[in-house]
Amino acid sequence: MHLILFFLFAGFCLAGAINLLLQSHPINSALSLIVVMVSLAVLYLMLGAEFLAAAQVIVYAGAIMVLFTFVVMLLNAGREDRTRGSKAARAVGFPAVVAILAMLATVVLQAQGWSGVILGSHITSTEEVSKVLFTELLLPFEVTSVLVLIAILGAVALATRGSGNPTANGERTAGK
Amino acid sequence: MTILQFVLWSLLKVAVVTVVMLMGIAYTVLLERKLVGRIQNRYGPNRVGPFGLLQPLVDGAKSFLKEDLIPTGVYKPLYLLAPILSLGCALISIGVVPFGETTVGPGGLVKQGALSFFQISDVNVGLLVILGVTSIGVYGIALAGWSSNNKYSLLGSLRSSAQLVSYELALGLSLVGVVLRAGSLNLRVIVESQAHHGIASWNIFGGFQFLAFFIYLMAAYAETNRSPFDLPEAESELTGGYHTEYSSMKFAMFFMAEYGNMITVGCVATLLFLGGWTSPLGDLIPAPQNIFVHALVPMFWFVIKVFSFLCLYVWVRGTLPRFRYDQLMNFGWRWLMPLAILNIVVTSLWLAYR
């Protein structure tokens with residue numbers, strides 16, 4: 001049962017990813033990416049990470065991809081021309097992808113002691129996840145949040161540069 | 001319980017809930033037309049059947065019989081996908097909502113695990129599932145506007161995407177206080193945490209979550225594109241907004257999705273803030289001995305609470321004028337978000353030092 005579901009959603013995931021590359025229209029690519037994200041969420045669920053699955057759907061499929069489609073719609077991006085691609089990129093790209101995948105697989109398998117994971121109905125509850133997150137992994141967690149904060153500040157700084165005094169500008173539109 | 005029994009039982013529950021939900025959507029439309037009529041000093045629909053009670057059926061038949069035309073300029077795959085996505089998401093999220101107690105009968109005659117009544121599936125992260133499905137539902141509106149190839153539709157869907165992304169944050173944060181109090185994301189556990197002392201243990205009163213309830217209310221109006229935040233379909237500016245180019249049943253599907261979302265939001269508000277299916281008097285009333293009465297009394301309270309929430313929705317629509325777009329964004333980011341974070345801080349401090 002779990003194996004059937006795994007192959008079904010892994011298939012969806014791969015089909016979405018390939019479709020993402022083959023489509024020439026940006027909005028179709030964005031929608032394929034949503035399919036990839038949602039199928040990944042189902043795979044997480046089958047590994048017992050229910051909180052991660054829900055967060056994946058809410059954050060990636062629900063918020064980030066909405067912004068993607070929003071930008072595509074706002075800029076009214078048209079169909080892209082298909083190019084043949086450069087020979088150098090093809091010569092270096094495919095071996096590089098294979099090398100990176102092999103490296104990642106080795107590292108992950110080594111961490112698991114060369115054994116597979118078990119698909120099943122066991123569930124890691126949200127409480128357990130948060131306990132680990134706020135005790136053992138507290139430092140990386142907080143460092144990540146600071147990193148995100150820096151990214152937000154950087155985005156705000158970039159967005160307001162060149163438009164004069166940002167707060168006065170905002171007040172004027174609000175009070176109009 | 002074998003897999004076959006489980007599948008059959010689930011299918012039965014899905015069928016019953018879907019039928020009830022669709023009837024609920026149809027009659028919510030009637031309720032809105034009636035109440036708004038009363039607010040505006042007129043009768044509302046009263047020609048078809050007694051008190052206009054058959055009006056939804058006639059409306060449904062009408063939208064089936066209308067010509068279903070597809071404009072030439074549309075991008076067809078997404079144009080056809082959008083209403084299905086909208087209505088699908090609106091109907092899916094009701095699947096994790098519990099309507100009543102699982103144990104039916106005095107002393108729990110039918111225990112949990114055997115046959116669970118009154119809920120299609122009991123998920124540990126039920127609250128997050130509802131939020132996730134709602135956030136996928138945005139694509140229905142966004143794609144409808146984009147694929148229609150019409151400037152009014154596009155403006156409507158752009159407004160809708162921006163509005164939903166902004167208010168989803170406030171909505172999610174306003175629920176954290178409730179989750180902190182219950183210590184779980186399971187909707188059933190959240191209701192049971194406010195079951196014992198009636199109205200005094202409901203999150204909105206006894207739990208001091210009225211600020212969160214207010215934020216949830218505002219954000220929910222924005223999430224369901226309802227007045228006073230109905231900018232994506234503002235008739236005076238955008239003709240019909242994102243569904244300008246849709247006709248017949250496809251238009252009706254967007255309409256049904258909107259009302260379905262209203263009902264779901266009402267159910268979630270009932271479960272999280274108003275004590276779900278528990279009675280306002282708590283344990284003061286002894287549990288009835290008859291098994292049917294014991295099963296139906298919680299349902300009665302649940303339906304009453306959702307019904308009053310829907311009436312509130314309509315009342316607000318009949319009373320408040322529409323926000324302007326910059327007012328909407330300011331309100332969401334400068335008021336609701338900080339207030340929601342304040343609520344989380346105060347609630348967690350109170351829980352830590354009580």
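Modeller: Chain A holds 7 helices and 0 strands. Helices (H or I, at least four residues) and strands (E, at least two) are DSSP runs, numbered from the N terminus. Along the sequence the pattern reads α-α-α-α-α-α-α. This is a predicted model, in which local features need pLDDT of at least 70, side-chain atom pairs count only at pLDDT 80 or more, and totals for chains, interfaces and linings use all residues. Residues are numbered from 1 along each chain as its sequence is written, and chains are lettered from A and ligands numbered from 1 in the order in which they are written.

Of the 176 residues in chain A, 15% are buried. Buried means that 20 or more other C-beta atoms lie within 10 Å of a residue's own, exposed 12 or fewer, partly exposed in between, with C-beta atoms placed from the backbone. Take contacts in chain A with a separation of 6 or more: 59% join residues 24 or more positions apart. A contact needs C-beta atoms, placed from the backbone, within 7 Å.

Now the helix pair H1 (residues 2-22) and H2 (residues 26-46) of chain A. Their axes come within 8 Å and cross at roughly 155°. Axes are lines fitted to C-alpha atoms, for helices over the stretch in contact, and angles run from 0 to 180 degrees between N-to-C directions. H1(A) and H2(A) are therefore roughly antiparallel; that label applies over 145 degrees, with roughly parallel under 35, roughly perpendicular 65 to 115 and the rest oblique. Residues of H1(A), including Phe6(A), Phe9(A) and Cys13(A), meet residues of H2(A), among them Leu33(A), Val36(A) and Leu40(A). This contact of H1(A) with H2(A) has 15 nonpolar, 6 polar and no charged residues. Ala, Val, Leu, Ile, Met, Phe, Trp, Tyr, Cys and Pro count as nonpolar, Asp, Glu, Lys and Arg as charged, and the others, Gly among them, as polar.

Next, the partner chain. Here 20 residues of chain A contact 21 residues of chain B. H3 (50-75) and H7 (166-175) of chain A each supply at least two residues of the chain A side. H3(A) gives the largest share, 14 residues. By class, the chain A side splits into 14 nonpolar, 5 polar and 1 charged.

One residue deserves a mention. Ala54(A) touches Val125(B), Leu128(B), Val129(B) and Gly132(B), leaving aside residues up to four places away in sequence.

Technical notes. Two residues are in contact if their C-beta atoms, placed from the backbone, lie within 7 Å.
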